[in-house]
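Here is a brief report on helix packing.

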Amino acid sequence: MSPEMIQLLIDGTWETLYMTIVSTAVSYVLGIPIGVILYITGEGGIKRNRAINLIVGTIVNILRSVPFLILLVAILPFTRAVVGTTIGSTATIVPLVVAAAPYVARMVESSLKEVDAGVIEAARAMGSSAFQMIFKVFLPEAKPSLLVGATISLATILGYSAMAGFVGGGGLGAIAINYGYYRYQSDVMLITVALLVVIVQIFQEGGLKLVSKVDKRLR
């Protein structure tokens, strides 16, 4: 393998990490509030509101149901309006966030539902406000589950970023498609797949170790 190809793979790995980490971070910035809204306005929530829950839930479900490649192409004008281009790793972050934020929101909602009912009742009995319950009870108590969800989300978004290579996205996915698929360089394809597997394993192991440190039940 030529030095140029090795450098290309190194650059592609950094681009993939950049897209995945930034997209996951932004998706959680958007997804956590949405997930909280879904939880507190849902059945048994502290601010039950069927109308809001139905509207937000429907939007989330619609975005989650659209295959990523179709979504990526459909929002190309929006991507161009946000970052000024539709090609490259930075441009890929926009559809990644649009696709991942609803997914994250549902995972956050699921994590919040795992909070012990006794803890919630104790907070209510002490007269905690909705704001206090969200930031001092729900989110802290759900932290281990949220971290597990973040680990899963990283792997999912990594897979999405690889698919973006079909329409001009950067990273290892673009290398696999442009060299491994179109130019029939099977060695490049195998190396990119191996690198993606290694990245997923690093995310997975790092996430699980972090969970073990913050989960009080494992101490």
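In which crossing, left-handed or right-handed, does α6 pass α7? The crossing is right-handed. Note that this is a predicted model.

**The α6 and α7 pair**

Helix α6 covers residues 117–125, and helix α7 covers residues 130–141. Their axes lie 11 Å apart, at an angle of about 165 degrees. Angles over 145 degrees count as roughly antiparallel, and α6 and α7 are therefore roughly antiparallel to each other. On the α6 side, V119, I120, A123 and R124 make the contact.

**The α1 and α8 pair**

Helix α1 spans residues 3–40, and helix α8 spans residues 143–163. Their axes come within 9 Å and cross at roughly 130 degrees. That angle makes α1 oblique to α8. The crossing of α1 past α8 is right-handed. From α1, the contact draws on T16, M19, T20, S23, T24, S27 and Y28. From α8, it draws on L146, G149, A150, S153, L154, I157, L158 and S161. Here the classes are seven nonpolar, eight polar and no charged residues.

**Contact classes by pair**

| α1 with α8 | seven residues | eight residues | no residues |

Which pair has a contact with no charged residues? That is α1 with α8.

Note on methods:
Residues are numbered from 1 along each chain as its sequence is written. This is a predicted model: local features need pLDDT of at least 70, side-chain atom pairs count only at pLDDT 80 or more; totals for chains, interfaces and linings use all residues. Side-chain values use heavy atoms; hydrogens and water are left out. Axes are lines fitted to C-alpha atoms, for helices over the stretch in contact, and angles run from 0 to 180 degrees between N-to-C directions. Helices (H or I, at least four residues) and strands (E, at least two) are DSSP runs, numbered from the N terminus. Angles under 35 degrees count as roughly parallel, over 145 as roughly antiparallel, 65 to 115 as roughly perpendicular and the rest as oblique. A crossing is left-handed if the near helix is turned anticlockwise from the far one by less than a right angle, and right-handed if clockwise. Contact means heavy atoms within 4.5 Å. Ala, Val, Leu, Ile, Met, Phe, Trp, Tyr, Cys and Pro count as nonpolar, Asp, Glu, Lys and Arg as charged, and the others, Gly among them, as polar.
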